[in-house]
Amino acid sequence: MQSIIVFIPYFGKWPVWIDLFFDSVRRNDTIDFLIYTDCDTSQYVMPNVRFRNISFQDYLKEINKKLPIVFAPPNAYKICDLRPMFGFLHQDEFKGYDFYGWCDVDLVFGNIRNFYTEELFNNYELLSTHADRISGHFALFRNTEKHRMMFQKIYRWKEALLNPVFVGIDEWGLTRAYTDTIFDKINDKFKLNIKNKLTSFLKEKKLKRLYFKEQYTTPFISKPWLDGTLNSNQPSEWYYHQGVITNSRDTGKTFIYLHFMNFKSSQWRHDGTKAPWEQNKNYYQLQKDDLDKLIVISEKGIYAKT
């Protein structure tokens with residue numbers, strides 16, 4: 001079995017749903033998680049999770065010893081722009097693993113290996129849960145020098161890190177580093193649209209070992225769902241039961257994870273609808289004793305079904 005380590009730097013205060021996140025992590029016991037944090041970790045002891053208790057400022061001091069610039073973000077969220085460098089910055093911690101990656105914590109996992117099989121790991125170098133780009137909420141990379149250093153091909157990556165605002169080079173910036181051909185760069189520079197058999201061949205060659213497949217993890221977006229629906233018409237009632245994720249609409253289908261992004265924030269809901277979590281202070285209703293029960297994630301809240 002290919003070995004996997006997922007790295008998460010998280011500083012500040014655990015979100016209210018963290019028990020649910022860690023329950024889904026615990027059930028993926030063949031995948032290791034390494035978490036750098038200043039939060040209390042005493043309640044989350046499990047064989048596949050290793051914590052390193054470290055402050056945000058001390059973490060910055062450590063990584064700045066390895067970077068050619070001074071990375072001084074105004075907040076911990078800006079660390080998302082550091083993700084393309086994780087393989088380089090943490091190569092000692094990742095040593096011995098076949099794949100490394102990252103994930104957000106505003107999600108609940110299903111069974112990851114049901115979706116990312118040994119066949120896929122044997123045939124691909126990079127696995128993303130989006131069809132058109134590397135996913136910021138979960139992505140895996142083969143643990144080789146090529147992938148650890150790919151960040152150096154991101155256009156103006158140093159400037160991106162020096163920018164105090166999050167710019168998202170973990171998704172589109174890194175994706176273009178992997179997928180752009182010489183013709184893409186010429187087209188961009190001279191505002192051309194060169195397309196022919198050669199450009200298609202070069203693009204296909206670039207994409208051959210990259211597994212970009214839409215896993216439908218994040219509802220309420222402006223891209224079509226499995227049934228073609230958009231935005232707030234996408235599935236709104238989801239279920240998590242002992243490591244399995246389903247919803248009320250896509251009968252018989254399970255999912256690799258559910259990303260809470262558009263449940264908790266209206267920022268990326270492009271049809272003007274409001275996120276239910278913003279309107280309900282008691283949205284998260286789970287107790288620790290509920291985690292083995294059928295859990296509902298819907299517009300009404302996150303609660304155990306009785």
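Predicted model: local features only at pLDDT ≥ 70, side-chain atom pairs only at ≥ 80, totals over all residues.
Author: Residues are numbered from 1 along each chain as its sequence is written, and side-chain values use heavy atoms, with hydrogens and water left out.

Reader: What makes Arg83 and Asp170 a salt bridge?
Author: The rule asks for a side-chain nitrogen of Lys or Arg within 4 Å of a carboxyl oxygen of Asp or Glu. Here N to O is 3.0 Å, so the pair qualifies. Arg83 sits in the loop between α2 and α3 (86–89), and Asp170 in helix α9, 87 residues apart.

Reader: Why is Asp170 called buried?
Author: Buried means under 20% relative accessible area, exposed over 50%, partly exposed in between (1.4 Å probe, protein chains only). Asp170 has 2%, so it is buried. Arg83, at 8%, is buried too.

Reader: Why is helix α9 called largely enclosed?
Author: Helices are DSSP runs of H or I, at least four residues, numbered from the N terminus. Eight of the 11 residues of α9 (residues 169–179) are buried, so the rest of the structure largely encloses this helix. Among them are Leu174 and Tyr178.

Reader: How do you know that Lys61 and Asp58 form a salt bridge?
Author: Their closest N and O atoms are 3.9 Å apart. That is within 4 Å, so the pair counts. Both lie in helix α2 (residues 56–64), three residues apart.

Reader: Why is Lys61 called exposed?
Author: Its relative accessible area is 56%, so Lys61 passes the cut-off for exposed. Asp58, at 36%, is partly exposed.

Note on methods. Helix = DSSP H or I, 4+ residues; strand = E, 2+ residues; numbered from the N terminus.
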